[in-house]
Amino acid sequence: MLGLFIANLLGLEDFYNGRLAVGWQPALLAGLAAMAAAAGALGKPSSQSVQKMAWAAYGLFILATGVTVLQTGGVDSPFMALWLLLGVFSGLFGAWALIFMALLVNGYIAYLALVTAKTEALAILALIGELPLIISYTVWRGQSGQLSEKDKAFSALAAELTQVAGKSEIVINAIADGVMAIDGRGVIDLLNPAAQQILGWTKQDALGLDYRSVLKLSNQKSEPLAPDTDPVQLVLTTNQTVATDDLVLTTNSDKKLQVSLIVSPVGSGGAGAIIVFRDITAKKTEERQQAEFISTASHEMRTPVATIEGYLGLALNPKTATIDDKAKEYLQKAKESVQHLGRLFQDLLDVSKAEDGRLNTNPVVVDIVAFTKEVTESFELSAKQKGLVLYFKPVSSSALETNRRLNPVYYALADQGQLREVLSNLIENAIKYTQTGSITVDIGGNDEAITVSVADTGIGIPPEDIPHLFQKFYRIDNSVTREIGGTGLGLYLCRRLVEAMRGRIWVKSEFGRGSTFYVQIPRLTHEEAMERLAQSGNLEAADSANA
Ligand code: ADP
């Protein structure tokens with residue numbers, strides 16, 4: 001338009017027949033439009049100011065074209081084609097551009113209507129003027145609407161992701177535990193400040209390396225981990241979270257740390273893993289010292305307690321001492337308390353042994369039915385004294401041998417002392433926590449496992465206590481249990497011992513009606529049991545079992 005104006009100035013209007021002569025006003029508007037467009041082109045593509053410049057450029061160009069059309073013959077102007085084109089594309093700039101053009105067209109029509117009032121000509125003008133706007137409206141509106149919806153959703157998502165990413169980074173950096181992210185090949189992608197501090201590696205040096213050269217793990221004997229014991233490898237192959245607090249980490253400066261480690265898979269199988277680790281050297285040392293103290297203290301105190309118990313026994317025995325009834329009553333109470341104390345020391349000793357692996361395990365082939373029967377029978381007297389009936393369900397007490405043929409023989413590999421401790425604890429508890437009724441010991445199983453159950457008709461266990469029952473020192477605190485003494489160590493010890501046998505222990509209970517404790521341990525096949533019995537020279541037992 002500027003060019004045409006200049007051509008006009010230079011007197012070339014004859015060449016254009018005068019019909020393309022553009023006046024200074026539209027030339028000025030077109031120049032401003034060009035400047036606005038140029039300013040917009042220099043800005044950032046997505047910024048708001050660029051959009052405003054584009055709108056201004058388009059608006060100015062509409063005005064320039066409108067004025068030119070009016071100046072060069074109205075509907076007959078050669079610039080009408082440009083006007084129609086602008087009309088069709090106005091929808092691209094949104095509703096305001098359409099409204100702006102519609103206002104100009106209708107304003108012009110209204111002006112003509114006032115001046116000339118030629119209805120036919122006005123109708124044609126209205127058609128020519130409005131049609132491109134209507135087309136533009138129908139074509140562009142739908143698309144621009146969709147686009148802006150999509151755009152909005154996209155930018156909202158992008159903003160949210162940026163925010164989340166920012167927050168996650170802050171959180172990861174603030175965590176006091178070491179966090180390391182690796183990809184499926186084991187290459188380190190991320191290392192938070194705590195991890196850098198624990199490992200003695202900087203992020204710059206560690207990123208891009210194989211995790212094994214930075215996170216040097218070994219077992220307690222300082223042996224490197226095999227792929228099937230390396231928790232990270234396990235996670236990458238099985239896609240299951242692994243947690244352990246039994247490993248040693250060698251730092252960059254060759255310091256050995258006890259660490260607890262949680263490795264979680266990322267995405268689908270083997271895509272990567274997140275390793276969260278913590279230095280627990282101080283905690284482990286403290287635990288060991290505590291266990292050592294408890295075990296030494298209980299060991300040292302057990303002897304004088306046993307001596308006191310012995311002397312109290314002598315004092316209470318009419319053959320060895322003569323005391324009056326009042327003194328007898330007091331000494332009886334003292335003896336009960338001393339027995340309780342002795343039991344507590346024994347439990348503490350057992351627990352500390354189980355915890356630091358000092359329990360001597362001597363696994364042998366055990367016929368579980370015969371063994372459990374013998375343990376159960378040893379409690380017959382105490383059950384009777386409390387007025388309770390003690391049933392051993394698998395076989396009646398008089399017919400163990402004859403019933404063998406009807407009942408399966410269950411063999412397991414277990415330390416007899418430890419198994420006795422577990423079963424005794426359960427039967428003892430059943431008697432202790434049952435006021436009236438019975439205790440039933442039963443045995444069942446399948447090819448893989450044997451389950452011994454001890455059911456009672458006692459006080460039962462509230463559901464909220466069940467998850468804590470096998471924890472150290474956990475005792476249920478209610479009016480009934482408060483009267484019954486205990487240490488809260490029995491079931492904890494049972495769990496440790498059963499787990500050492502690769503078994504599990506659990507309970508089902510109805511508060512106020514009774515409880516059933518279950519112990520499940522792996523079963524030996526008959527052939528395996530025979531082989532082991534033969535190997536251990538216990539041929540007699542093997543022969544009788546075969547018979
Ligand atoms: P405790 O020395 O207190 O008996 P245990 O570890 O053997 O310690 O048992 C923990 C708690 O579990 C007990 O204090 C008791 O409240 C509950 N408990 C254990 N066995 C039974 C049972 N057969 N019936 C009801 N409650 C039981």
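In this predicted model, the N-terminal end of helix 10 (residues 231-238) is capped by Asp 230, a side-chain oxygen of which lies 2.9 Å from the backbone nitrogen of Val 232. Helices (H or I, at least four residues) and strands (E, at least two) are DSSP runs, numbered from the N terminus. Residues are numbered from 1 along each chain as its sequence is written. As the model is a predicted one, local features need pLDDT of at least 70 and side-chain atom pairs count only at pLDDT 80 or more, whereas totals for chains, interfaces and linings use all residues; side-chain values use heavy atoms, with hydrogens and water left out.

The buried residues of helix 10 are Pro 231, Val 232, Gln 233, Val 235 and Leu 236, where buried denotes under 20% relative accessible area, exposed over 50%, and partly exposed the range in between (1.4 Å probe, protein chains only). These buried residues pack against strand 1 (178-183), helix 9 (211-214), strand 3 (216-218), strand 4 (242-250), strand 5 (256-265) and strand 6 (272-279), with contact taken as heavy atoms within 4.5 Å. Helix 10 is followed by Asn 239, whose phi is positive, near 65°.

Most residues other than glycine have a negative phi. Asp 254, which is not a glycine either, has a positive phi of about 65°; Asp 254 is placed in the loop between strand 4 and strand 5 and is exposed, with a relative accessible area of 60%. A positive phi, near 65°, is also found at Arg 502, which follows helix 18. Arg 502 belongs to the loop between helix 18 (490-500) and strand 12 and counts as exposed at 69% relative accessibility.

In helix 18, the buried residues are Gly 490, Leu 491, Tyr 492, Leu 493, Cys 494, Leu 497 and Val 498. Their cover includes helix 12 (325-355), helix 16 (416-432), strand 12 and strand 13.

Phe 470 lies in the loop between strand 11 (449-456) and helix 17 (479-483) and Phe 517 in strand 13 (residues 514-522), so that the pair links distant parts of the chain, 47 residues apart. Phe 470 is buried, with a relative accessible area of 11%, and Phe 517 is likewise buried, at 8%. Trp 506 and Tyr 518 form a stacked pair, at 5.1 Å centre to centre and with 15° between the planes. Because Trp 506 lies in strand 12 (residues 504-510) and Tyr 518 in strand 13, this pair ties together parts that are 12 residues apart in sequence. Arg 504 lies over the face of Trp 506, at 4.0 Å from the ring centre, the criterion being NZ of Lys or CZ of Arg within 6 Å of the ring centre and within 35 degrees of the ring normal.

The ligand is surrounded by 21 residues, of which the closest are Asn 429, Tyr 433, Arg 475, Thr 487 and Leu 491; a residue is near a molecule if one of its heavy atoms lies within 4 Å of it. An oxygen atom of the ligand is 2.8 Å from an N or O atom in the side chain of Tyr 433, and an oxygen atom of the ligand is 3.2 Å from a polar backbone atom of Gly 488. A polar side-chain atom of Ser 515 lies 3.5 Å from a nitrogen atom of the ligand. Taken alone the ligand exposes 530 Å², of which the protein buries 98% (Shrake-Rupley method, 1.4 Å probe). Ser 515, in strand 13, is buried at 5% relative accessible area, and its side chain makes a polar contact of 3.0 Å with that of Ser 509. A polar contact is a pair of N or O atoms within 3.5 Å; within protein, one must be able to donate a hydrogen and the other to accept it, and residues adjacent in sequence count only if both atoms are side-chain atoms.

Technical notes
Phe/Tyr/Trp six-rings, centres within 6.5 Å; stacked < 30°, edge-to-face > 60°.
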